[in-house]
Amino acid sequence: MRRAIAIVGLAALALLTMASAACYDVTVEPAPADDGSAAAAAVEAVLDQVASEEDGGISVNGTGSVTVTPDIGVFDIGVEVTGETVARARSGAAEAMQKVRDSVLASGVEDRDISTRSFNIYPQYDYDREDGPPEIIGYTVNNWIEVKVRDIDRLSEVLDDALTAGGDAIRVGGISFRVDEPEQYADEARKLAVEDARARAQQLADLAGVTLGQARAISESSGGFARQGLVRAEAAFAADASTPISPGESEVSVTVHIVFAIE
């Protein structure tokens, strides 16, 4: 019955097209003659699409989340020095950064966990001159590194020692927290996501009065590890007391999309 309706619909569409062409002064090139296979293929495609939509099943999303305590602390720390010449500014920054690196290494951080983030040199201008354009009066050099502390309980100690070593040239960008091996938590989150999707699909099947079948298609969208926001720290904190740092808790989440058949 659906096949007959589709054929009638296509025929009606052809008649409407011919009628529209008759109302205007246009030239219509004749279509190449064939045995009707093109029309038959078009009708078959329409019917296949209808059948596909009818057999679409139940499509749902499921989400699984696992709460974890971060076991790695990461902080961005740098030095900034201004001098009358590039050479003086660079030399001062290099000396200050070497002290910071030495302090971090002495605290037990491995060299592989220290990486350069940026190195910049830019001029300083005097914009208050009245008799000409701004004049360069010096240069500023800054150098930033990222430090990964795998023993998170010692993060505050490592940071404070680095702050002290860098002196007034020290700058801190912030602190973030990570999980060393997040995949072990992603496996559990993935399992929970599939269970959540199946439960949602079962509820829809029960409400619709149909029987839920097997999964026909599945895809995953991983939310990954939700890090904590950056924690700002100032060099002044290290003067008399340890900088208080709390990693808190974060989540590893996974979302899946599943299409279930209807039996």
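Axes here are lines fitted to C-alpha atoms, for helices over the stretch in contact, and angles run from 0 to 180 degrees between N-to-C directions. The model is predicted, so local features need pLDDT of at least 70 and side-chain atom pairs count only at pLDDT 80 or more, while totals for chains, interfaces and linings use all residues. Residues are numbered from 1 along each chain as its sequence is written, and side-chain values use heavy atoms, with hydrogens and water left out.

**View 1. The whole protein chain.** You'll find 5 helices and 7 strands here; helices (H or I, at least four residues) and strands (E, at least two) are DSSP runs, numbered from the N terminus. Read along the sequence, the pattern goes α-α-β-β-α-β-β-α-β-α-β-β. Of the 263 residues, 30% are buried, where buried means under 20% relative accessible area, exposed over 50% and partly exposed in between (1.4 Å probe, protein chains only).

**View 2. Helix α3 against helix α4.** Here α3 (residues 86-106) packs on α4 (residues 155-166) at an angle of about 155°, their axes 8 Å apart. That makes the pair roughly antiparallel; the label is for angles over 145 degrees, with under 35 roughly parallel, 65 to 115 roughly perpendicular and the rest oblique. On the α3 side, look for Ala96, Lys99, Val100, Ser103 and Val104, which meet Asp161, Ala162, Ala165 and Gly166 of α4. By class, that makes 5 nonpolar, 2 polar and 2 charged residues. Nonpolar takes in Ala, Val, Leu, Ile, Met, Phe, Trp, Tyr, Cys and Pro, charged means Asp, Glu, Lys and Arg, and the others, Gly among them, are polar.

View 3. Asn143 belongs to strand β4 (residues 135-149) and is buried, at 14% relative accessible area. Skipping neighbours within four places in sequence, Asn143 is in contact (heavy atoms within 4.5 Å) with Ile77, Gly78, Val79, Met97, Thr116, Ser118 and Phe119.

**View 4. The largest nonpolar core.** A nonpolar core is a set of buried Ala, Val, Leu, Ile, Met, Phe, Trp, Tyr and Cys residues joined through side-chain atoms within 4.5 Å. The largest one has 28 residues, and Phe75, Ile77, Val79, Val100 and Val147 have the most contacts inside it. Two or more residues each come from β2 (72-83), α3, β4, α4 and β5 (170-178), with α3 giving the largest share, 6 residues. Apart from this core lies another, of 17 residues, including Val66 and Val252.
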